[in-house]
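Colleague: I am new to this structure and would like to learn how to read it. Could you walk me through a few features, one at a time?

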Amino acid sequence: MSEDAPFEIHVHGDVKLRSDVGFDALQDALKPLWKYARARSLADGAASLYEDEPGIRFDAPDHLLQMCWTVAGDEDFRQQLDDLCMNLNDLSAEGSQIEVTFYDAQYDEEDEEQGRESRDDFVLLFVGPTPEAIMQAQRNLLVEDVVALMERHFDGAELGGVVAEIDKLFSDRFTALVSSLELGKPPRSPGAGGSGHGSGRRPRHLH
């Protein structure tokens with residue numbers, strides 16, 4: 001890892017794994033991460049750039065992968081994400097989300113005061129054993145976000161219709177996906193997620 005790398009890249013998320021997944025399989029699945037950090041193994045590369053972050057942990061009794069891990073890097077880190085998602089799809093027990101934040105390491109207070117924009121970016125990824133499980137995780141996150149936003153103005157009990165409409169949207173999308181599979185068309189990458197710069201900087205270590 002280079003000290004003058006343009007980004008500090010933070011990977012955050014918990015992934016529920018199948019009960020038969022052991023450390024060796026997980027180490028192989030996470031190879032895109034620890035190899036990028038120029039480590040020789042998961043144990044060698046599991047530590048975060050920041051000591052106060054737990055890094056990459058495997059909770060064997062609960063079959064849970066926990067990631068709160070930062071690495072110095074560049075835009076080429078994005079190339080690791082597709083492989084990471086595909087690998088974790090094969091090991092996961094249910095749909096989960098992974099947040100990847102690119103912090104502009106060269107952006108400072110002087111840049112902010114002068115109104116320069118940072119190169120910060122945020123990517124939201126989803127993994128799961130099936131496309132349906134991935135869509136369920138996407139649906140759950142959207143419902144959580146929409147309800148949290150609308151509860152500023154409405155009582156939670158009034159939002160059943162909104163949730164029903166969200167469910168209908170995802171049901172329609174899943175039906176379309178199944179149809180495309182039956183017709184032999186390649187589906188959209190199940191590991192793909194949205195990204196956006198948003199407004200302002202995303203606070204570091206916002207978990």
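Modeller: Gladly! Let's start with strand pairing: the bridge partner of histidine 10 in S3 is threonine 70.

Colleague: Which strand is joined to S3 by 5 bridges?

Modeller: That is S2, residues 55–59, which runs antiparallel to S3. As an example of a pairing here, phenylalanine 58 has leucine 65 in S3 as its bridge partner. S2 and S3 form a hairpin with 4 residues between the strands, and histidine 63 in this hairpin takes a positive phi near 55°.

Colleague: How many of the 10 residues of S3 are buried?

Modeller: To read burial, look at relative accessible area: under 20% counts as buried. Strand S3, residues 64–73, is mostly covered, with 9 of its 10 residues buried.

Colleague: How many disulfides does a search of the whole structure find?

Modeller: The general idea is that a disulfide is a covalent bond between the sulfur atoms of two cysteines. Here, the search of the whole structure finds 0 disulfides.

Colleague: Let's go back to S1. With what does the side chain of glutamate 8 make a polar contact?

Modeller: Glutamate 8 sits in strand S1, which covers residues 7–16. Its side chain makes a polar contact with the side chain of tyrosine 50, at 2.4 Å. Glutamate 8 also counts as buried, because its relative accessibility is 16%.

Colleague: Now the aromatic rings, please. How many aromatic pairs are found?

Modeller: A search of the whole structure finds 3 aromatic pairs. For each pair, check the distance between ring centres and the angle between planes; an angle over 60 degrees counts as edge-to-face. The rings of tyrosine 36 and phenylalanine 77 have centres 5.0 Å apart and planes at 80°, so this pair is edge-to-face. Tyrosine 36 belongs to helix H2 (residues 31–36) and phenylalanine 77 to the loop between S3 and helix H4 (78–91), so the pair ties together parts 41 residues apart in sequence.

Colleague: Are those two residues buried or exposed?

Modeller: Tyrosine 36 counts as buried at 16% relative accessibility, and phenylalanine 77 counts as buried at 0%. Phenylalanine 77 also pairs with phenylalanine 102: their ring centres are 6.3 Å apart and their planes at 70°, so this pair is edge-to-face. Phenylalanine 102 lies in strand S4 (residues 96–104), so its pairing with the loop residue phenylalanine 77 ties together parts 25 residues apart in sequence. At 0% relative accessibility, phenylalanine 102 counts as buried.

Colleague: Which residues form one aromatic cluster?

Modeller: Phe7, Tyr36, Phe77 and Phe102 form one cluster.

Colleague: Last topic: what is the mean pLDDT of the chain?

Modeller: The mean is 86, and 84% of the residues reach 70 or more. Over residues 192–199, however, the pLDDT is below 50, and this stretch has 12 contacts in the model beyond near neighbours in sequence. Where pLDDT is low, the predicted coordinates should not be read in detail.

Key: Residues are numbered from 1 along each chain as its sequence is written. Side-chain values use heavy atoms; hydrogens and water are left out. Helices (H or I, at least four residues) and strands (E, at least two) are DSSP runs, numbered from the N terminus. Buried means under 20% relative accessible area, exposed over 50%, partly exposed in between (1.4 Å probe, protein chains only). A polar contact is a pair of N or O atoms within 3.5 Å; within protein, one must be able to donate a hydrogen and the other to accept it, and residues adjacent in sequence count only if both atoms are side-chain atoms. pLDDT is the predictor's confidence in each residue, from 0 to 100. Contact means heavy atoms within 4.5 Å. A disulfide is a pair of cysteine sulfur atoms within 2.5 Å. Two strands pair if DSSP finds at least two bridges between them. Rings of Phe, Tyr and Trp (its six-membered ring) pair if their centres lie within 6.5 Å; planes under 30 degrees apart count as stacked, over 60 as edge-to-face and the rest as tilted.
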